[in-house]
Amino acid sequence: MRKGTLRQILLITDGCSNHGEDPAAMAALAREQGITVNVIGVLDQDTIDENGQREIEAIAAAGGGMSQVVYARQLSQTVQMVTRQAMTQTLQGLVNRELKQIFGSDVSLEDLPPDKRGQVMEVVDELGETAALDVLILIDTSGSMKTKLPTVKEALVDLSLSLNARMGENRFSVFIFPGKRQHAEKMIDWTPRIEELSTIFPKLASGGLTPTGPALREAIAHFDRKRSLRSWIGNGDEPYIEESSL
Amino acid sequence: MAMSHTLKNRLCNLPPGTVVTGKWHGRSYRLLRRLGSGANGVVYLAESGCNRVAVKLSDDYASLASEMNILRRFSKVQGGALGPSLLEADDWRSSLVQETIPFYVMEYIEGENFTTFVRRRGKEWAPVLLVQLLSVLERLHEEGWVFGDLKPDNLIVTGPPPSVRLLDVGGTTLQGRAVKEFTELYDRGYWGLGSRKAEPSYDLFSAAMVMIASCYSGHLEKKGDGRSQLFRIIEADRFLAQYKHVLQKALDGRYAKAADMRRDLLAASSRRLAVKDETKIVSSNRRSGRRAKKRRKVGAIAETVLIAVLLLGAYGFYIYWQLTM
């Protein structure tokens, strides 16, 4: 049976949005559509902007994902860890829902005796390894991100290394914001090969506003376009993971 | 995430004497001191009755449950435990951190970190311990696993006699999957020398890196082409250069089995011993001491020869003088 697809947005930014809708609201919208939003805040030095940090946490919380603020040099390890943990978290949420259906009450992993949790985790691990994964990478290229872009590139190549080792299928898409004409601009359409990434980075110009909210909205729309296209070729109307496959 | 950050902090700083009681089995453990902390948990040395055990606490139910699965599997493997043996799993309703904290109890393995041991006892221990490690890895691989996060911090040297054991099984992955946890410096992906697919050669790369890191005195960090950088480090170090072929082959992923690397490493070590016998260098535990001693010896020989030549010259001159008289 074909397994469902996990869908994630990975937002890489270094500060506050200053244009358009509240990004947390857009993240909540994504979550409603089965898309997890993870946020990574990239710092240069010890400059933790409290507003920035609060926004990063709020977006991830609303988007059902994880957030992490890191220094540019630790980015690689963090990007792959966050993506992986968010995947486990989503799957665990689904398995917990399944448990509730079986036991008929509010039972989750935490309520099972410790010795039984292992069996549940084996299912989660198995799913995490084999489920298909779509990651839309949304990169903030506003002025202050300029010096961090080479590190971002490295981190994304590293992410592909981890994800390509999985048994499940992966697809990536890359958007940057602000775009030339729209709020966000598509750089790479859905592809299994993130290596293409290297070709776009030299072309990136940084500057402009930080329309994080509108950019998220456009990212969500990109998932839908793909889905409707897939339903058109007869592979559609699947939820982001089929409950029956559990 | 911010919440769990402060929780993690509190878990890492539990005062000695804290009593952790399980809500399912009701047993109590008195924490003595912290042994270590990682990305997903903290380990304390604890006392239960008169037994000393290690207790791992975490705020992450999922990763803790995964680890316990692996520890259980490990304990079923024939021929000695691969990791610490799992004793109990339970949850602690803590008044200190005001949350239910899952934990498991395992055997306490007393010993020293791999690098610390090698730095203290001498580099010649590195290949010896690595040979031991490779036998453990061979068995692990035969069971269909890959250790994943192989690094000095996850290796403990117990004894005497010194023997190496695996700690922290969080990165252990079924072969053919993506390696669950890794540390950049010991990860072949980071160095641009291969994928993160869990296969025996992944661990063998890390094993070679463990040896390099424990013998190399400089700071390891990737700069540019990882492969040539590592090869240069091996060639530039007098000790590592003796194991050049084995290390380079492992870094390149050309060993399919731990047993093959073990065989070559043993061969390289005994070759080294043979060379030593030929030149009749008195072996000493302190390499630097030995080198200094050797230098002193050479100096002494030169001095003797010089004096002998001078005496002979003087004697010759004396004879000549006597004859011409």
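This is a predicted model: local features need pLDDT of at least 70, side-chain atom pairs count only at pLDDT 80 or more; totals for chains, interfaces and linings use all residues.

Visitor: How many helices and strands has chain A?

Guide: Helices (H or I, at least four residues) and strands (E, at least two) are DSSP runs, numbered from the N terminus. Chain A has 7 helices and 6 strands. Read from the N terminus, its elements follow the order β-α-β-α-β-α-α-β-α-β-β-α-α.

Visitor: Which strands of chain A pair with strand 1 of chain A?

Guide: In general, strands of a sheet pair through backbone hydrogen bonds, either parallel or antiparallel. Here two strands pair if DSSP finds at least two bridges between them. Strand 1 (residues 5-13) of chain A pairs in the parallel sense with strand 2 of chain A over 7 bridges, and A:Arg7 stands opposite A:Ile35 in strand 2. Strand 1 of chain A also pairs with strand 4 of chain A, in the parallel sense and over 8 bridges; there A:Gln8 is opposite A:Val135. Strand 4 of chain A is in turn joined by 8 bridges to strand 5 (residues 170-177) of chain A, and the two run parallel. In that pair, A:Asp140 faces A:Phe177 of strand 5 as its opposite residue.

Visitor: Are the residues of strand 2 of chain A mostly buried or exposed?

Guide: A residue is buried if 20 or more other C-beta atoms lie within 10 Å of its own, exposed if 12 or fewer, and partly exposed in between, with C-beta atoms placed from the backbone. Strand 2 (residues 35-43) of chain A is mostly covered, with 8 of its 9 residues buried. In strand 4 (residues 132-140) of chain A, 7 of the 9 residues are buried, so this strand is largely enclosed by the rest of the structure. Over the 246 residues of chain A, 45% count as buried.

Visitor: Into which domains is chain B divided?

Guide: Domain bounds come from an automatic or database domain assignment. Chain B is divided into domain 1 (2-107), domain 2 (115-279) and domain 3 (287-325). The C-alpha centres of domain 2 and domain 3 of chain B lie 48 Å apart.

Visitor: Which strands stand at the edges of the 6-strand sheet of chain B?

Guide: This open sheet of 6 strands has the order 1-2-3-4-6-5, with antiparallel pairing. Strand 1 (19-21) and strand 5 (86-94) of chain B are at the edges, each with a single partner strand, so one side of each is left without a neighbour in the sheet. Strand 1 of chain B is joined by 3 bridges to strand 2 (residues 28-38) of chain B, and these run antiparallel. Within that pair, B:Tyr29 is the bridge partner of B:Val20.

Guide: Chain B also has an open sheet of 3 strands in the order 7-9-10, with antiparallel pairing. Its edge strands are strand 7 (112-113) and strand 10 (163-166), each pairing on one side only. Strand 7 is joined to strand 9 (residues 155-158) of chain B by 2 bridges, and B:Asn113 stands opposite B:Ile156.

Visitor: At what angle do helix 3 and helix 4 of chain B pack?

Guide: Axes are lines fitted to C-alpha atoms, for helices over the stretch in contact, and angles run from 0 to 180 degrees between N-to-C directions. Helix 3 (residues 114-121) and helix 4 (residues 125-142) of chain B pack at about 145°, their axes 9 Å apart.

Visitor: Which residues touch the most other members of the largest nonpolar core?

Guide: A nonpolar core is a set of buried Ala, Val, Leu, Ile, Met, Phe, Trp, Tyr and Cys residues joined through C-beta atoms within 7 Å. Among the 135 residues of the largest one, A:Leu138 and B:Ala207 touch the most other members. Helix 5 (residues 200-215) of chain B gives the most to this core, with 10 residues.

Visitor: How many residues of chain A are in contact with chain B?

Guide: Two residues are in contact if their C-beta atoms, placed from the backbone, lie within 7 Å. By this criterion, 27 residues of chain A are in contact with 23 residues of chain B. Helix 4 of chain A gives the most to the side of chain A that touches chain B, with 9 residues.

Terms used. Residues are numbered from 1 along each chain as its sequence is written. Chains are lettered from A and ligands numbered from 1 in the order in which they are written.
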